[in-house]
Amino acid sequence: MKFTGTVIKYGDNVDTDVIIPARHLNTIDVKELASHCMEDIDKDFHKKIKEGDIMVAGLNFGCGSSREHAPIAIKASGISLVIAKSFARIFYRNAINIGLAILECPEAAEAIENGHQVEADLDAGLITDLTTGAKFKTNPFPPFIQKMITNGGLVASIQKGDFC
Amino acid sequence: MGMTMTQKILAAHAGLDKVEAGQLILVDLDRVLGNDITSPVAIREFEKLGATAVYDKDKVTMVMDHFAPNKDIKAAEQCKMCRSFCNEYDVTHFYDVGRMGIEHALLPEKGLVVSGDVVIGADSHTCTYGALGAFSTGVGSTDMACGMATGKAWFKVPSAIRFNLKGKLNPFVSGKDVILHIIGMIGVDGALYRSMEFAGEGVSALSVYDRLTISNMAIEAGAKNGIFPVDEQTLAYIAEHSDRAPVVYEADADAVYDETYEIDLSRIKSTVAFPHLPENTKTIDEVGEVKIDQVVIGSCTNGHYKDLAEAASILKGKKVADHVRAIIIPATQDIYLKAIENGLVKIFIEAGCVVSTPTCGPCLGGHMGILAAGERAVATTNRNFVGRMGHVTSEVYLASPAVAAASAIAGKIADPAKV
């Protein structure tokens, strides 16, 4: 799986309350959730994101609530991949379960700047900053997780009889 | 190399003699929990799975607590969706308005979690039940859906940080101050992906309710779970609330920990987390002059009877400051009733507080106490992120019930020992 896109960058500890504020959790409509994504720290987020853009963030991305609405809103807004220095564990798990691609790579998340063009190869665990030419190596997912992503998430894995 | 307490519970539920940190395992679930905002997404995924039944109608549990009693039409529709699902699949433990409470106070009270259980919940504060010696952790709605269908979940076995507790807490200091102190020390990602395992002679000096508050906020340090050893107090609590037999697991003597911290409970002071992260802690003598507009005493963290009793002992015969709105939210119907019977509600109302039906409500900015631009609240809740209780420029200061009650009277953050 390969992704190429323009980077939108945020800092450390981006929490689920700013990714999708709880006041919007009275719906499960993915488009409506996407329209409020990041609005408390970046009011025009949903207007400026183009399909395929890549989000880059600092430490502990997605900390806080277990709301799956958070990765759902990011994915539905058009973001193809999130690269962070680290992810909060429930967000990490939820992203994999719903099929939002994520990569943990502190070096890339530090070096890549807002607006850069980035290419990421999930199978090889390779991130390239096309703007600067810098390359970053990260650990690809273990086979267990890769299988789940290839199947299209946890629900699809169970449907295929591939889970237990 | 021995196993931690968490690893032993996980191994037993995976049918393995031994597990080690980093290993991926599939475990059997003793309970699968959801609420009125996470269950609708799970129900949608459950239907995609094509499942025709839940794995065990007595083990799937839904609690309508976040936006219930329904705050608006959309919230009403979400509760209706949960209600219909539980009717259709004959789910035993569906808790609606009138019987519900805040989930993490309700489940222990109803005896639905005992020592040795593995529980997943589509709510991040599911880690609360570690206080009873269970492995419990928050997951998303897809995990909940698959858990409801299969009774299983996959986990990466966590390593652990050990907290050796000694001594006992001083007056006006409680479990909330302990966990805020720890989060201030290790940071909001200090225990990321790992277990927080509490140990030492100091454990027995903490009430079960203090432990519930401490385990509840393990997630605020990024932890997968926060677990206490089982002692006589735990067993007495479970015997009082559940007809199920606890299974007691202990960490091996040669278990390996990533780090060990020594915590002297007698040295912990009342602690407040300033906006906008739970790690921004100051002790009560460092807070300075912080004028407030609202106080919230409640939530899954601090809505227990013990918490209300502590607040009432400070508010008794006093008045809430003119410019402060004080909102008291008993976490469950039983707590509410006991607070009425024992005169706590009278104390609160005479002091100028409002007493609400159980709900998560303002904790996550849902309803029942939303903040306007620039307003400040002292809350016994668990998160103080940007916009958590309302407007993006509002501020939440996390504190114990004692500090919150003292602050309501003083109209600014105040030391309960001095009010």
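Predicted model: local features only at pLDDT ≥ 70, side-chain atom pairs only at ≥ 80, totals over all residues.
The rule finds 22 residue pairs in polar contact between chain B and chain A, counting pairs with both residues at pLDDT 80 or more.

Salt bridges come next. Side chains of opposite charge can pair when their charged atoms come close. The structure holds 29 salt bridges over all chains, and the count between chain B and chain A is 3. One salt bridge joins the side chains of Glu32(A) and Lys74(B), at 2.5 Å from N to O.

Another salt bridge brings together the side chains of Arg388(B) and Asp17(A), at 2.8 Å from N to O. This pair crosses between chains: Arg388(B) sits in the loop between strand S17 (376-379) and strand S18 (395-398) of chain B, while Asp17(A) belongs to helix H1 (residues 16-19) of chain A. Both Arg388(B) and Asp17(A) are buried.

Other salt bridges stay within one chain. In chain A, Lys48(A) pairs with Asp42(A), with the closest N and O atoms 2.8 Å apart. Lys48(A) is partly exposed at a relative accessible area of 45%, whereas Asp42(A) is buried at 12%. In chain B, the side chains of Asp56(B) and Lys59(B) meet in a salt bridge at 3.8 Å, N to O. Asp56(B) counts as partly exposed, with 23% relative accessibility, and Lys59(B) counts as partly exposed as well, with 27%. Salt bridges that share partners also join Asp17(A), Arg67(A) and Arg388(B) into one network.

A pair of aromatic rings is described by the distance of the centres and the angle of the planes. The count comes to 14 aromatic pairs over all chains. In one of them, the rings of Phe46(B) and Phe85(B) have centres 5.1 Å apart and planes at 85°, so this pair is edge-to-face. The pair links distant parts of the chain, with Phe46(B) in helix H2 and Phe85(B) in helix H3 of chain B, 39 residues apart. Phe46(B) and Phe85(B) are both buried.

The rings of Phe135(B) and Phe155(B) are likewise edge-to-face, because their planes stand at 80°, with centres 5.5 Å apart. Phe135(B) lies in strand S6 and Phe155(B) in strand S7 of chain B, so the pair ties together parts that are 20 residues apart in sequence. These two residues, Phe135(B) and Phe155(B), are buried. Ring pairs also link residues of both chains into a cluster made of Phe61(A), Phe87(A), Phe91(A), Tyr92(A) and Tyr193(B).

Thr4(B) lies in the segment before helix H1 (5-14) of chain B and is buried, with a relative accessible area of 1%. The side chain of Thr4(B) makes a polar contact with that of Glu197(B) at 3.4 Å. Leaving aside neighbours within four places in sequence, the residues in contact with Thr4(B) include Ala160(B), Ala251(B) and Tyr257(B).

Ser242(B) is found in the loop between helix H8 (232-241) and strand S11 (259-264) of chain B, and counts as buried at 12% relative accessibility. The side chain of Ser242(B) reaches the backbone oxygen of Gly111(B) at 2.8 Å. Glu289(B), in the loop between strand S13 (281-283) and strand S14 (294-297) of chain B, is exposed at 65%. Its side chain makes a polar contact with the side chain of Lys412(B) at 3.4 Å.

Terms used:
Residues numbered from 1 in each chain as written. Chains lettered and ligands numbered in written order. Heavy atoms only, no water. Salt bridge = Lys/Arg side-chain N within 4 Å of Asp/Glu carboxyl O. Polar contact = N/O pair within 3.5 Å; in protein donor to acceptor, adjacent residues only side chain to side chain. Helix = DSSP H or I, 4+ residues; strand = E, 2+ residues; numbered from the N terminus. Buried < 20%, exposed > 50% of the residue type's maximum accessible area, 1.4 Å probe, protein only. Phe/Tyr/Trp six-rings, centres within 6.5 Å; stacked < 30°, edge-to-face > 60°. Contact = heavy atoms within 4.5 Å.
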